[in-house]
Amino acid sequence: MAALVAAASAAVAGAPETSMRPVARPDTAQTPTAVQTPTAIQQTVSEPAQMTRPVSRPAGLPRREESPVKMQDRPVAERFSPSGRDRLGDRPERIQTPAPKTIKQERGGILASLRPLLRPLGVRREAAKRKEMRARGAVCGDPAIQGEAIGRVPGRIKGCGVDGAVKVRSINGVSLSQHAVMDCRTAGAIKSWIAKGMKPAVGGYGGGVAQLRVAAHYACRSRNNQKGAKISEHGKGHAIDIAGFQLRDGRTITVLSDWGGGQKGRILDQMHRSACGPFGTVLGPNSDKFHQDHFHFDTARYRSGSYCR
């Protein structure tokens, strides 16, 4: 019996081990998982690519980038489902911003730029308008005043000179016999007087005024060229002297010859009176001996109002 037991023990010891070793228990606190069989473990190790391969997309669902109609080009009502999710998936659709200058109009919407303009439209239009006026010869920001901007004109004596001077050749369609240097305030006063005083005074006589005969404009000198006198308004670019008017039919009206009588005299008198207001100083033949042959207009201002003689 002892020999039989010993032979059985030897047979068991020499036989190959066929029992399955226990697999190490995973950390169930972190990731619970089922115990794998040796066949499953071997298959997992030998085919790692199958575990990382992405899930194939359903055949009937087109890719987002291959959609024939871009989502941002669709009407707003068709971009989202009632639940707030996009129709092509379960993630909210991100609407791409169009190019900076693109303006779209949705159904019943208002045209609006998605990005604010760098400059207001009004400013750009005004700048374009000023550029166009300069190209046409306008000065002082007024197309009715034609000439050339010359800037600062220095004076040879103290008190003379013009800031922002312009050389004017025509105002309100009426040319000047010589290009007159002045500031823009004086040019604006001449414009107002031509429109509201000179043209109504002449009316249709001789076809209207074609040209102003300018006797003097900017000149760095004292008043009436008198030694020791104050600087004239001519020396500041504030004044103009007008000796006469050239009519469109060829006739002329002159202060020296026509003042005080006849139809031409009445026209000159009305012109003289209408200048008192647009100008601060108005002098004519009745003022003194220095103004027998011309009108003197300047834009000096006085506390008592315009000085008109």
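A: A disulfide is a pair of cysteine sulfur atoms within 2.5 Å. In this structure, cysteine 276 and cysteine 308 form such a pair, with their sulfur atoms 1.8 Å apart. The model is predicted, so local features need pLDDT of at least 70 and side-chain atom pairs count only at pLDDT 80 or more, while totals for chains, interfaces and linings use all residues. Residues are numbered from 1 along each chain as its sequence is written, and side-chain values use heavy atoms, with hydrogens and water left out.

Q: How many disulfides does a search of the whole structure find?

A: The search finds 3 disulfides. In another of these, the sulfur atoms of cysteine 160 and cysteine 220 lie 2.2 Å apart. A further disulfide joins cysteine 140 to cysteine 184, at 2.1 Å between the sulfur atoms.

Q: Which hand does the link of cysteine 140 and cysteine 184 have?

A: That link is left-handed, with -90° about the S-S bond. By contrast, the torsion for cysteine 160 and cysteine 220 is about 100°, so their disulfide is right-handed.

Q: Are cysteine 160 and cysteine 220 buried or exposed?

A: Buried means under 20% relative accessible area, exposed over 50%, and partly exposed in between (1.4 Å probe, protein chains only). Both cysteine 160 and cysteine 220 are buried. Cysteine 140 counts as partly exposed because its relative accessibility is 30%, and cysteine 184 does so at 31%.

Q: What is the pairing when the bonded cysteines are numbered in sequence order?

A: The pairing is 1-3, 2-4, 5-6.
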